[in-house]
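Colleague: I am new to this structure. Please take me closely through one part of it, and then show me what lies beyond that part.

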Number of protein chains: 2
Amino acid sequence: MDQDTTHSAVPGHRPTVSSVAAMAGVSRQTVSNALNNPERLQPETLKRVLAAIDDSGYVRSAAARQMRTARSSVLAYRLDPIRDGIGGIVLDTFLHTLSAQAEGQGYRVMLYTADSDEAELRQFAALTQTRAVDAFVLVDTHRDDQRYRWLSENGVPYAVFGRPWPGDEETDDDGAHAWIDIDGSAGTAAATAHLLELGHRNIGFIGYLHDGATGDDRRRGWEASMAGAGVPPRQRRALDSSQRDGILEGADAARRLLDAGATAFVCASDSLAVGALSAAGPEAAVVGFDDSPTAAALGLSSVRQPLEEAAGWALGSVLAQIDGAHSTSGTSRLLVPQLVVRASSRPLS
Amino acid sequence: MDQDTTHSAVPGHRPTVSSVAAMAGVSRQTVSNALNNPERLQPETLKRVLAAIDDSGYVRSAAARQMRTARSSVLAYRLDPIRDGIGGIVLDTFLHTLSAQAEGQGYRVMLYTADSDEAELRQFAALTQTRAVDAFVLVDTHRDDQRYRWLSENGVPYAVFGRPWPGDEETDDDGAHAWIDIDGSAGTAAATAHLLELGHRNIGFIGYLHDGATGDDRRRGWEASMAGAGVPPRQRRALDSSQRDGILEGADAARRLLDAGATAFVCASDSLAVGALSAAGPEAAVVGFDDSPTAAALGLSSVRQPLEEAAGWALGSVLAQIDGAHSTSGTSRLLVPQLVVRASSRPLS
DNA sequence: GGTAGGTTTTTGATTGATCAAATTCGGGGA
DNA sequence: TCCCCGAATTTGATCAATCAAAAACCTACC
C-alpha cells in the first residue's frame, strides 16, 4: 500500500512540506518560505507553491513547527467555575472574542484550570516549560497577585484584563506590566449624567463589594457626577448603598433607597439592576452595568463594556511581546464604556 | 556561553530526555521508558531515573512527543458566542468541568470558533490534519448535522452532549454515534409530580421553541405527569404554552396561563421561570430548569442537570476511542436530572 | 562449560518544519 | 567575454521525543 512513497500525492498520507514541494517542483524550504517569508520568492514561484498547497489541502504541523521555533502559537486562558449568573457573561464574551481574534492571527486558545494561586503557578510551570503555550491572558486580578511576578521572572509574555491593585506595584519587580481595563468610573458617570438629564436628581447608587476595586471604581463615577450636579455630600451618602452582587440584594437595596427618596438608580451590575427593576417597578429609572443579554431582554439601560476592544488589545499585547518587543510597559489602556439606552431610562414624572 | 554543549546539566538550557539520561547514567530511551513504560525498567534503575527527572525539573516536550506519536493530548471544543444570559451558564459549567477533568487525565482543552457549519468543518480539517487535537467534544446539536459524518468518515474520535435528532440516523453513515444527554422529560415530570404533591392541579407549562427537540422533550414530561394525574387533554392544552426563550416571554406566558386558571408553572428554562416568577408574584408556585446561579439567588426551585457527569462521560468516551476501542456505539446514556426544591415551590393555598 | 531464552538497556532511524549556510541563477560593469 | 554581486532557491543539520530492532546481560538447564 505504501510502497509508492514517491513524490506524487499519496492518498493515505497527509501532505507534508516535502510532498507539496515535490508537487510544485520546488524544494521543501521554498514551500516553507512561501508560508513564512513570501516576499523571498519570485511571484511566479510563490503562485505555483500556493496552488500546490491549496489543492493538496496541506496544513502545516503545529508540532513540528513548534519544535524548531520553540513557539506553539497557543495562548493560555484560565477558565474559572461560574460565579454569578448574569455577570459571568462578561468574561464569556471576552473569551469568545479573544479566541476568534486569535484564530485570525494563527493563534489558538488553550484552557487550564486552577483552584488556588499555587495551583496556577504550577500550571504556569507545566505549560511554559514544555513551551506548550506562548503567553497567558489573565483576567481575574486580585490583591497580592503572585502571577505577574512569576511570569515576569520567567520571561513569559502575558497580558492582563484588569488594572493592577493599589499597592501591587511593589510586588511586580520588573516594573509595571501591561494591562487594560474598563473605566467603570466613566461608565457610571455617563449613566448618572444621563439620568440627571432626564430630570432625576435623587439618583441612588447600588454598588457591590467584591474584592474591592471594581466596585469602588464604579461608585466613583456616580459620586463625581452627583457632586458635579450640586448634590450635597450628606444626601449622597443617603443615596449610596453597597452589598453583595445579586438580584435579591439589588431589590433590597432599591427598596431602601426608594425610602430615602431615590427616583432613579445607577447599578454596578446588571444583576443588581434586575433586582432594582423588579423592586422599584415601572416608576423608577434604572441603569445597569455590563449590558448582558438579560438587560437587552428586559429593556434595561446598561453600560456596555467594550470587550471586543479589550480582547483585541490583550491579543495585540501578547503578540507584540512574543515578537520580541519586550518593553510593553506604558502601553496600558483604560477603555471608556458605552451607555446603551433602553426603556428603563424613564424621565422623572 | 554555550560552548559547553556536553551532556552534563547545562544551566541555561531546559532539560531534555538526553540530559536527564546523562544525569542518571542511562540512555535516553531508558528515560523515555521510565515515563511511558515504567514496568520495563528494573526497580532500581527506575528509581534513579525518576530522581534525576525530579531534580532536573524535566518536563517532556509536548511537541516532540506529539510528532512521534501523532497524539497531542488535546481535546477541541467549540466556543460559541453567548446567546441567552441565564442559560448560557449550562455550557459554561460543562466546559469548566470538562477542562478540569481532562487535566486529571493529562489532556487539555483547546478552543475553536466557527460561525457556520462549513466553517466548522474547515476547522475540523485544520485541527485534525496536523493532529493538533485528538478528539472533539460537540455540544450544540442541530438537525442535519454534517459534523458527525465528517468526523466518522475521517476517523476522528468525538463525543456528543445532546441526543441525535429524529431523522438524523440516516445522515450518520457508520451507524449511531456515542452521545449523552439529559433526560429533560424526566426532569419536568419530577417537577410536575412535585407540584401535584403540593396540591396544585392546574399546572401550566411554559416551554420554548428553539430548534425543537429539547423543548419538546421537556414538554413531554409535564404532559405525561399531567395525564397521569387525570387532567383531561382539553385542559392540558389550555395550560400549555410555547414561545421563545427569555424573561419577558416567560412573564407574558405566565400572565396568559394565570388567566386560564393556572396556579403553578413548570418552565423549560430558568429564564422563562424568572419571568413567570416576576409576573405571577408570590401566589403561584414556579419551577425552572437548569438550576442556574440566578435560580439559587432568587429562591427558585429548578431542575438541575448533572453536568459534571455529562462532562465526565464525554471525556471517558473520547479517551476510550483514542485508546483504540473504536466501537463505542451503544454506550450512549440519558442522565436523569435532579429537582432542587426552594422557596418558589409554594403549596396550593 | 556452553547455550537457549528471557529480561533489561542501548543504538539507529524517524517524525515535519525551519534555520543557517551553500549553491545556482541573472544582470551589469570592466 | 569574463567576473562580481545580489536575489532566488536548495542542501544539510537540528529541534526532542519515541518506535523498532539490536545488543548486552542474566539465569538456568543440559
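Modeller: First, a definition. Axes are lines fitted to C-alpha atoms, for helices over the stretch in contact, and angles run from 0 to 180 degrees between N-to-C directions. Two packed helices are described by the angle between their axes and the distance between the axes. Keep in mind that this is a predicted model.

Start where the two chains meet through a pair of helices. Helix 4 of chain A, residues 62-69, packs against helix 4 of chain B, residues 62-69. The angle is about 140°, and the axes are 8 Å apart. Roughly antiparallel would need an angle over 145 degrees, so helix 4 of chain A is oblique to helix 4 of chain B. The crossing of these two helices is left-handed.

Which residues meet there? From helix 4 of chain A come Ala63(A), Ala64(A), Gln66(A) and Met67(A). They meet Ala63(B), Ala64(B), Gln66(B) and Met67(B) in helix 4 of chain B. By kind, the residues of this contact divide into 6 nonpolar, 2 polar and no charged.

Now move to the sheet in chain B. This open sheet has 6 strands, in the order 7-6-8-9-10-12, and its pairing is mixed. Strand 7 (240-243) and strand 12 (338-340) of chain B are the edge strands, and each pairs on one side only. From one strand to the next, the twist averages 20°.

Look inside that sheet. Strand 8 (residues 264-267) and strand 9 (residues 285-289) of chain B run parallel, joined by 3 bridges. Phe265(B) stands opposite Val286(B), which is in strand 9 of chain B.

Helices lie on the sheet too. Helix 12 of chain B, residues 270-280, packs on it and touches strand 6, strand 7, strand 8, strand 9 and strand 10 of chain B. Its direction makes about 165° with that of strand 9 of chain B. Helix 9 of chain B, residues 213-228, lies across strand 6 (203-208), strand 7, strand 8 and strand 9 of chain B. Helix 9 runs at about 170° to strand 6 of chain B.

Finish at one residue. Gly299(B) is in the loop between helix 13 (293-298) and strand 10 (301-304) of chain B. Is Gly299(B) buried or exposed? Its relative accessibility is 15%. Buried means under 20%, so Gly299(B) counts as buried. Leaving out residues up to four places away in sequence, Gly299(B) touches Arg342(B), Ala343(B) and Ser344(B). Gly299(B) and Arg342(B) are 43 residues apart along the chain, with their C-alpha atoms separated by 5.3 Å.

Key:
Residues are numbered from 1 along each chain as its sequence is written. Chains are lettered from A and ligands numbered from 1 in the order in which they are written. This is a predicted model: local features need pLDDT of at least 70, side-chain atom pairs count only at pLDDT 80 or more; totals for chains, interfaces and linings use all residues. Side-chain values use heavy atoms; hydrogens and water are left out. Helices (H or I, at least four residues) and strands (E, at least two) are DSSP runs, numbered from the N terminus. Buried means under 20% relative accessible area, exposed over 50%, partly exposed in between (1.4 Å probe, protein chains only). Contact means heavy atoms within 4.5 Å. Angles under 35 degrees count as roughly parallel, over 145 as roughly antiparallel, 65 to 115 as roughly perpendicular and the rest as oblique. A crossing is left-handed if the near helix is turned anticlockwise from the far one by less than a right angle, and right-handed if clockwise. Ala, Val, Leu, Ile, Met, Phe, Trp, Tyr, Cys and Pro count as nonpolar, Asp, Glu, Lys and Arg as charged, and the others, Gly among them, as polar. Two strands pair if DSSP finds at least two bridges between them.
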